[in-house]
Amino acid sequence: MRKDFGAKPFLYPQPVLIIATYDEAGNPDAMNAAWGGVCDYKKIALCLSSGHKTVKNILTKKAFTVSMADEKHVVESDYVGLVSANTVPDKLERAGFHTIKSENVDAPIIEELPLTLECKLESYNEETGLMIGEIVNVSADEAILTDGKIDPAKLSPITFDPVNNAYLKLGEKVGNAFKDGKSLK
């Protein structure tokens, strides 16, 4: 038996993305966004309302970074989603996050978050909030690499549970992509 919930944004896993920008004066800002993901080989889609200071910054600078929130930084990542840079301009500092400038786009990289997509704005629909960015580089801290590849166990990304308003850490490997299904051929 199944239970109907109606039209809801219930999808798992839902990555917890930290979007970072510079404002017109070069001050770093970041926000927590749960509605986003890759939408093409070199593109990311985000659903961001136009009232966010971060969105205004992206529209001005035409660039942003997207970092995966991780288990070590749940509190800090949640905080940057709770307060707006429109009213708390130093929220990154208050969260304890430090930034360096991306070498590829005019946006900051949050040093504490070890995986970052560096993006150029491709389009933004103010009515729907749909933003598309071109991924121009992915940078990863060497601490999350194994044999030169990103190791999800070391990254320890978190996901948003929209049903229970919780953050969950992703689990262990359960199969091999593009291999296990071959047994049914």
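Which residues form a nonpolar patch on the surface, and how much accessible area do they have together? The views below show a predicted model, in which local features need pLDDT of at least 70 and side-chain atom pairs count only at pLDDT 80 or more, while totals for chains, interfaces and linings use all residues. Residues are numbered from 1 along each chain as its sequence is written, and side-chain values use heavy atoms, with hydrogens and water left out.

**View A. A nonpolar patch on the surface.** Phe-5, Phe-10, Tyr-12, Val-163 and Leu-168 form this patch, with about 460 Å² of accessible area together. Patches are made of residues with over 30% relative accessible area and no salt bridge, nonpolar side chains (Val, Leu, Ile, Met, Phe, Trp, Tyr) being joined within 5 Å and like charges within 9 Å; a salt bridge is a side-chain nitrogen of Lys or Arg within 4 Å of a carboxyl oxygen of Asp or Glu. Accessible areas come from the Shrake-Rupley method with a 1.4 Å probe, and for residues only the protein chains shown count as cover. Tyr-12 lies in the segment before strand S1 (17–22), strands being DSSP runs of E with at least two residues, numbered from the N terminus. Tyr-12 counts as partly exposed because its relative accessibility is 46%, where buried means under 20%, exposed over 50% and partly exposed in between.

**View B. Aromatic pairs.** Rings of Phe, Tyr and Trp (its six-membered ring) pair if their centres lie within 6.5 Å, with planes under 30 degrees apart counted as stacked, over 60 as edge-to-face and the rest as tilted; by this rule the count comes to 2 aromatic pairs. Phe-5 and Phe-10 form an edge-to-face pair, at 5.9 Å centre to centre and with 70° between the planes. Phe-5 is partly exposed at 48% relative accessibility, and Phe-10 is partly exposed at 34%. Phe-160 and Tyr-167 form a tilted pair, at 6.3 Å centre to centre and with 55° between the planes. Phe-160 counts as buried, since its relative accessibility is 17%, whereas Tyr-167, at 28%, is partly exposed.

**View C. Leu-121 and Ala-63.** Leu-121 has its place in strand S8 (residues 115–125) and, at 18% relative accessibility, counts as buried. Although Leu-121 and Ala-63 are 58 residues apart in sequence, they are 5.4 Å apart in space, C-alpha to C-alpha.

Key: Buried means under 20% relative accessible area, exposed over 50%, partly exposed in between (1.4 Å probe, protein chains only). Helices (H or I, at least four residues) and strands (E, at least two) are DSSP runs, numbered from the N terminus.
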